[in-house]
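Keep the sequence and the 3D view open as you read.

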Amino acid sequence: MNTLVLVLLGVVALVAARPDVDLDEIHQEQNIDDDNTITGSYRWTSPEGVEYFVKYIADEDGYRVLESNAVPATADGVRADGAQGSFVSSEDDDDDDRK
């Protein structure tokens, strides 16, 4: 829940830094499951007319971006897929394959 508040504050800071952004162009949705897993999305339209979005999940593994056209890819071209920032490491899976 704290992570969600930080994300929303980040969006507010983004808007405050760009006063020419229309607040009516920011939309946020979220769902809270029985196990307290939060899934949601937020989107906004830039002053240039480009619509950006972020789909996320916040659960026992932390806050992770599932899909986004606003979060840049890594130097290797890896895009957000929900595994980044997770407490579960894909390296652990790789180690198991070598045994």
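Start with Asp33. Asp33 is partly exposed, at a relative accessible area of 40%. The terms work like this: buried means under 20% relative accessible area, exposed means over 50%, and partly exposed lies in between (1.4 Å probe, protein chains only). Asp33 sits in the loop between β1 (26-32) and β2.

Some ground rules come next. This is a predicted model, where local features need pLDDT of at least 70, side-chain atom pairs count only at pLDDT 80 or more, and totals for chains, interfaces and linings use all residues. Residues are numbered from 1 along each chain as its sequence is written, and side-chain values use heavy atoms, with hydrogens and water left out.

How confident is the prediction? The score is pLDDT, the predictor's confidence in each residue, from 0 to 100. The protein averages a pLDDT of 77. At least 70 is reached by 69% of the residues. Confidence is highest in strand β2 (residues 38-45), at 93. It is lowest in helix α2 (residues 90-97), at a mean of 55.

Now the layout. The protein has two helices and four strands. Along the sequence they follow the pattern α-β-β-β-β-α. Helices (H or I, at least four residues) and strands (E, at least two) are DSSP runs, numbered from the N terminus. Of the 99 residues, 23% count as buried.

Asn36 counts as exposed, at 57% relative accessibility. Its backbone deserves a look: Asn36 has a positive phi of about 70 degrees although it is not a glycine. Most residues other than glycine have a negative phi.

Asp33 also belongs to a patch. Together with Asp34, Asp35 and Glu60, Asp33 forms a negative surface patch. Patches are made of residues with over 30% relative accessible area and no salt bridge; like charges are joined within 9 Å, and nonpolar side chains (Val, Leu, Ile, Met, Phe, Trp, Tyr) within 5 Å. Lys and Arg count as positive and Asp and Glu as negative, while His and the chain ends are not counted. A charge is placed at NZ of Lys, CZ of Arg, CG of Asp or CD of Glu. Accessible areas come from the Shrake-Rupley method with a 1.4 Å probe, and for residues only the protein chains shown count as cover.

Next, the salt bridges. A salt bridge is a side-chain nitrogen of Lys or Arg within 4 Å of a carboxyl oxygen of Asp or Glu. How many are there by this rule? The count comes to four.

One of them joins Arg43 and Glu29, with the closest N and O atoms 4.0 Å apart. Arg43 lies in strand β2 and Glu29 in strand β1, so the pair ties together parts that are 14 residues apart in sequence. Arg43 is partly exposed, at 30% relative accessibility.

Another joins Glu67 and Lys55, where the closest N and O atoms are 3.9 Å apart. Glu67 lies in strand β4 (residues 62-68) and Lys55 in strand β3 (residues 51-59), so this pair links parts that are 12 residues apart in sequence. Glu67 is partly exposed, with a relative accessible area of 40%. Lys55 is partly exposed as well, at 39%.

Then look at Asp59 and Arg64. Their closest N and O atoms are 2.8 Å apart, and they form a salt bridge. Is Arg64 buried or exposed? Arg64 counts as buried, at 9% relative accessibility. Salt bridges that share partners also join Glu29, Arg43 and Glu51 into one network.

Finally, consider residues apart in sequence. Thr45 is in strand β2. Thr45 counts as buried, at 19% relative accessibility. Thr45 and Glu25 are 20 residues apart in sequence, with 5.7 Å between their C-alpha atoms.

Ile57 is in strand β3. Ile57 is buried, with a relative accessible area of 14%. Ile57 and Ile38 are 19 residues apart along the chain, and their C-alpha atoms are separated by 5.6 Å.

His27 is found in strand β1. His27 is partly exposed, with a relative accessible area of 32%. Between the C-alpha atoms of His27 and Phe53, 26 residues apart along the chain, the separation is 9.3 Å.
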